[in-house]
Amino acid sequence: MTSQSICKLLRSKEASAAVDIHSWPTILDTDDLPKKRCPLLCKTSDPDTLAYLDFSVSTTGMLAGVKMSHWAVSVLCRSVKLQCELYPSREVAVCLDPYCGLGFVLWCLCSVYAGHQTILIAPSDLEQNASLWLSAVSHLRVRDTFCSYSVMELCTRSLGGQTHTLKGRGVDLSRVRTCVVVAEERPRLSLSLSFSKLFRDLGLHPRAVSTAFSCRVNMAVCLQGTSGPDPTTVYVDMRALRHDRVRLVERGSPHSLPLMESGKILPGVRIIIANPETKGPIGDSHLGEIWVHSGQNASGYFSVFGDEALQSDHFSARLSFGDTHTVWARTGYLGFLRRTELTDASGERHDALYVVGALDEALELRGMRYHPIDIETSVGRTHKSICECAVFTWTNLLVVVVELDGSEHEALDLVPMVTNAVLEEHYLIVGVVVVVETGVIPINSRGEKQRMHLRDGFLGDQLDPIYVAYNM
């Protein structure tokens, strides 16, 4: 199903030169709905047949489509229904990209499966009216809502000084039971705490804000339920993490890094932590790749060029020793599991999943593994005029790109601050500092930085920088 303009685009000569229109399934024009009832287009007897294709832009900047079978869709909807207690009498507000990932599942598929009503607030509409999402949640008395980090960041930045005005307009968030951030990355603990603290005056309970972990191979690995315990936060030694080791430390310890649990693992989902090189299971004290075994896993990547087999290992991986019979899907994210002391509604302790970062985006420097978000957090604290930053490597050099929200003469002041902060906190020498205008760093629909696209723009001299400093 698509709009009339895209229908015309798909049938154009330019499109047919790249993709044969006859290779696509039946296309329905939603702007030209038939007057009479449509004939039955598809009736599947095999649950493993293709239900739909889910396309989205990954954090590495690649447009990837995954194949979802009828069985996977049913299992996924059932898991989300059980975890979030979705029933026909419920109303859910979704402020996510509605055309891919968990946003599409919550907006469309789960509504049909569970019978509840979903209220869609388009994230793009918040650029003109930042209070639209929170006002809708308050006015419609919604108890469960889902958003992205980009939506949360926009509300925090734009509505910081308007809480009294919103309160005067009757915005009340005291009825919100769950506010779940859907992300394909490490939970942003500082942003979640800032959001909770800011809108506490409007009645938002701090325990209502939680995160969900979603990825290409599985739309919902973890999701904080309504009856589950509060998400836990642990502190790990950042120096040990660079060597793929997990060492828990006390809060406030030197080099401590806070990591928040990525929601509760959904029913029917099994997780194991494996070594990405040897494909063997590893112990609790090691950082490894998150592997998922579940009926809701995607079937594989879709490509019109027929190269799906190139990454088939992502969906049909097996351990090199131990349980070698179970088929796992590789998420491409590094993390670890910890048994928590908190109990859920059944009185049992549960395993908490902590996501550290994407394997493809990790930086290999000086024989150690660095995660971009840690360096970017250090850079973002150096100056008030830095509104966004991103890091990547180029010929063994660390490149830092910062967006300047201020006057151009401040660009010179940023360079020594950035290089000193990275050197003192991570013992790394910054090779290149690029100061650009706001909005240059590419962001996908989930609010995640596309560092590989940024790297391509840097190598192609397309960033139009305000100032570039080389420290080679």
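Contact, as the word is used below, means heavy atoms within 4.5 Å. The model described here is a predicted one.

Leaving aside neighbours within four places in sequence, Ser69 is in contact with Pro47, Asp48, Thr49, Leu50, Ala51 and Ser299. Within β2, Ser69 is the bridge partner of Leu50, and a polar atom of the Ser69 side chain lies 3.1 Å from the backbone nitrogen of Ala72. Ser69 and Asn297, although 228 residues apart in sequence, have C-alpha atoms 9.0 Å apart in space.

The sheet in question is open and consists of three strands in the order β1-β2-β13, with antiparallel pairing. Because β1 (50-57) and β13 (300-302) each have a single partner strand, they stand at the edges, and one side of each is left without a neighbour in the sheet. From one strand to the next the twist averages 40°. The pairing of β1 with β2 (residues 63-69) is antiparallel and extends over seven bridges.

## Helix α3 and its crossing with α4

Helix α3 lies across β1 and β2, and runs at about 85° to β2. The axes of α3 (residues 70-84) and α4 (residues 101-114) come within 10 Å and cross at roughly 85°; the two helices are therefore roughly perpendicular to each other. By class, the contact of α3 with α4 has 10 nonpolar, one polar and two charged residues.

On the α3 side, the residues that meet α4 are Val73, Ser74, Leu76, Cys77, Arg78, Val80 and Lys81. Their counterparts in α4 are Val105, Leu106, Leu109, Cys110, Tyr113 and Ala114.

## The six-stranded sheet

A second open sheet is formed by six strands in the order β4-β3-β5-β6-β7-β8, and its pairing is mixed. Here β4 and β8 (222-223) stand at the edges, each with a single partner strand, so one side of each is left without a neighbour in the sheet. Strand β3 (residues 91-95) pairs with β4 in the parallel sense over four bridges, and Glu91 has Gln117 in β4 as its bridge partner.

How many of the five residues of β3 are buried? Four of the five are, so β3 is largely enclosed by the rest of the structure. Helix α5 (residues 132-139) lies across β3, β5 (144-147) and β6 (178-183), running at about 165° to β5.

## Thr118 in strand β4

Thr118 is found in β4 (residues 117-120), and with 16% relative accessibility it counts as buried. Apart from neighbours within four places in sequence, Thr118 is in contact with Val92, Val94, Leu106, Trp107 and Ser111. Leu106 is also one of the α4 residues that meet α3.

Two polar contacts involve the side chain of Thr118: one with the side chain of Ser111 at 2.4 Å, and one with the side chain of His116 at 3.2 Å. The C-alpha atoms of Thr118 and Gly406, which are 288 residues apart along the chain, are separated by 40 Å.

## Strands β11 and β12

Strand β12 (residues 288-293) is mostly covered, since five of its six residues are buried. Strand β11 (residues 270-274) pairs with β12 in the antiparallel sense over five bridges, and the bridge partner of Ala274 in β12 is Glu289.

Is Asp405 buried or exposed? At 52% relative accessibility, Asp405 counts as exposed, the cut-off for that class being over 50%. Asp405 lies in the loop between β19 (397-404) and α11 (411-426).

When residues up to four places away in sequence are not counted, Asp405 touches Ser385, Cys387 and Thr438. Between Asp405 and Phe146, which are 259 residues apart along the chain, the C-alpha atoms are separated by 29 Å.

Key:
Residues are numbered from 1 along each chain as its sequence is written. This is a predicted model: local features need pLDDT of at least 70, side-chain atom pairs count only at pLDDT 80 or more; totals for chains, interfaces and linings use all residues. Side-chain values use heavy atoms; hydrogens and water are left out. Buried means under 20% relative accessible area, exposed over 50%, partly exposed in between (1.4 Å probe, protein chains only). A polar contact is a pair of N or O atoms within 3.5 Å; within protein, one must be able to donate a hydrogen and the other to accept it, and residues adjacent in sequence count only if both atoms are side-chain atoms. Axes are lines fitted to C-alpha atoms, for helices over the stretch in contact, and angles run from 0 to 180 degrees between N-to-C directions. Angles under 35 degrees count as roughly parallel, over 145 as roughly antiparallel, 65 to 115 as roughly perpendicular and the rest as oblique. Ala, Val, Leu, Ile, Met, Phe, Trp, Tyr, Cys and Pro count as nonpolar, Asp, Glu, Lys and Arg as charged, and the others, Gly among them, as polar. Two strands pair if DSSP finds at least two bridges between them.
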